[in-house]
Amino acid sequence: MTVQTSRRGFLRASAGLVIAMALPLPMRVMAQEAAAPSAANPPPIPPNAFVQIAPDDTVTVVIKHIEFGQGPLTGLATLVAEELDADWAQMRGALAPANTPLYANLLMGAQGTGGSTAIANSFVQMRRAGAQARAMLVAAAAAEWGVPAAEITVAKGRIAHPSGKESGFGAFAEAAAQQTAPEAPTLKTPDQWVLIGTDLPKLDTAEKSDGKAIFTLDQYPEGLQVVVVAHPDVFGAKVGSVDDTAALAVAGVKAVRTIPQGVAVYADNTFAALKGRKALKVTWDTSGAETRDSAALLAAHVAALDGELHEAEAAGDLAAMDAPGVTVVEAEYSFPFLAHAPMETLDGVITLGDGKAHAAFGSQFPTFDQPAIAQTLGLPPEAVTIDVMLAGGSFGRRATPDAHLAVELAEVAKAGGPGSYKLMWTREDDIRGGYYRPMSVHRFRGAVDAEGKIVGWQNLVATKSIAAGSPMEPMMVRDGVDSTSVEGSIGLPYALPNKRIALANVETLIPVLWWRSVGSSHTAFATEMFMDELLQAAGKDPVQGRLDLLPDGREKVVIQKVAEMAGWKGAKQGEKGYGIGYAKSFGTYVAQIAEVEDRGTGYPHVTRVWCAVDCGIAVNPNIVRAQMEGGIGFGLGTALFNAVRFGEGGHVVQSNFNNYRMLRIAEMPRVEVEIIKTDADPTGVGEPGVPPIGPAVANAWRALTGKATRALPMLSEEIA
């Protein structure tokens, strides 16, 4: 069961008998002053910040990462429960409020969720928090019972002594809160783990299934007004003039205000707000807007490859490609803008008054959102509080460095004055509202010699930088190369002695953002597709050819495993095609083989997918498999159907799921997932399931039909 807390509710719930309330001030200060933390050596934050034990023995773990379906609420609770020796049935989870000093992602130094880092950055920290809480409970029990602490055992949520004394956690919670937390408790060794590595049910499944889970949409502060904003439908346009006469005549509409993002309509309810917005007459100033259509934008990307390039990686001598007797292969792949299209569209609630603001929404980066609200409202940061809510998906949509939703929420409150407001985005607002995965083009040139050896590999990438101009630029851009633009293109494991990867940065006014698996969402497709074409030129089997290029290691293991799972016998067997895709992203190694059929529809019908994944220690294999399956469905729908296209004048063509086509249930292939057992530190699984599926399907389709995919989506026209 999920326990959703507001900041005030969090503190109230902690009163009296729970460890959280009794956090000694010096320890709290120590936590806030912790500097330069790392996932391997996390700061000595006491368990109080993460563990609440109630009188009824329930243990609530405060989850520092937003939960939007990827599983940190269960995963982080597992880590605490393991070292606490708790019973899984007594575990609960609650999302942490905005508090960067306490709840920073140790791999980012900021409170935020992204890059599939939740488990990786918390693996030691949360286990340590559980071990500290256990030690404090044992110390309290030893004092109460008058026995040595070393004689006390804890198992499945029960504290026991050989004398026969036994208790649950709750009876000692208040006394435990007075104990000193050991700074470096001894953690279990893997052979002692009881919960880690087992298929535990997710803590939030029941409440999300029966409707009890609380999302932003469920927030209704007293006196709340619903607000929708009329945004320009061309990027870069600004409000010219507004006639709000008809809008204000709509029953329930309270006010119309022009804000930097557009024109906001305030109403008693969503229906009135939407009707009022529809009645607005807004003239947009498009003099500085992006008005190119998709064809012109694609042409600009292609042309950029003949302009200034920034070197991302180089080795050897590409002159080998021009030697006599080699076979040169060239290919160019293009990828469209993509919307994130999470099931829950953007929304947020804010209450303004008495020099304070309290917001509640699916904040993926509270570290960005909190100061952005404060700055917009002219308040000190400490006057702004944020409750991080459950979110219905994100895929990167909520992780905006410019905190655009938080800023718009604050602008709505600023224009409206003291009160409570619920800002709502519709599906159309979201799909046409931008922050897309950027368009990109990859231009390849490679060569194989007479012996079938790859003697040259060049990949020129054209795309818009996501990080440039954002607070992330100093960290992510070096010598003109945004690391997210070329990740998955550089550092390839294959033996490529002569190679060059270079980047052309393309400028547009279309806002771009990281999208599930970020750069690897297109670089893996291009790389693995071109690798197949080179291996074919070399006369080699796609699987064996890859294995021949790899050193012994984790890459080779996942490819061998997936080939074994699929019973690989070649890329074409009868009326079926088979293709492989491999990618390492966010530290996780994933190989997939797709089986496709040609049913005469013009695009591949994927019937089966095999997936081998090495994500280090699998804290909860059930979630790992689910994330791989979800990633395959997400990536497959994108490869087959998805594109955001710009029409005449720069207007977005797509608007909703009728023309931004998602994979349907009946189209989901049968998926088999194998998790490689290893003792390596855990890495992420939220995103790495996506990159290999596109090239696996495209390679299978080429093997079956001889048609090489040069542009995504594979189905070139929208399907209603």
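**View 1. Buried residues of helix α17.** Pro542, Val543, Gly545, Arg546, Leu547 and Leu549 of α17 are buried (under 20% relative accessible area, with a 1.4 Å probe and protein chains only). The model is predicted: local features need pLDDT of at least 70 and side-chain atom pairs count only at pLDDT 80 or more, whereas totals for chains, interfaces and linings use all residues. Residues are numbered from 1 along each chain as its sequence is written, and side-chain values use heavy atoms, without hydrogens and water. Because 6 of the 8 residues of α17 (residues 542–549) are buried, the helix is largely enclosed by the rest of the structure. Helices are DSSP runs of H or I with at least four residues, strands are runs of E with at least two, and both are numbered from the N terminus.

**View 2. Surroundings and N-terminal cap of α17.** The buried residues of α17 pack against β19 (454–463), α16 (520–537), α18 (554–566), β24 (576–585) and α20 (693–705); contact means heavy atoms within 4.5 Å. At the N-terminal end, α17 is capped by Asp541, with a side-chain oxygen 2.9 Å from the backbone nitrogen of Val543.

**View 3. Crossing of α19 and α20.** The axes of α19 (residues 621–640) and α20 come within 8 Å and cross at roughly 55 degrees; axes are lines fitted to C-alpha atoms over the stretch in contact, and angles run from 0 to 180 degrees between N-to-C directions. In α19, Gly631, Ile632, Gly635, Leu636 and Ala639 meet Ile693, Gly694 and Val697 of α20.

Conventions: Buried < 20%, exposed > 50% of the residue type's maximum accessible area, 1.4 Å probe, protein only. Polar contact = N/O pair within 3.5 Å; in protein donor to acceptor, adjacent residues only side chain to side chain.
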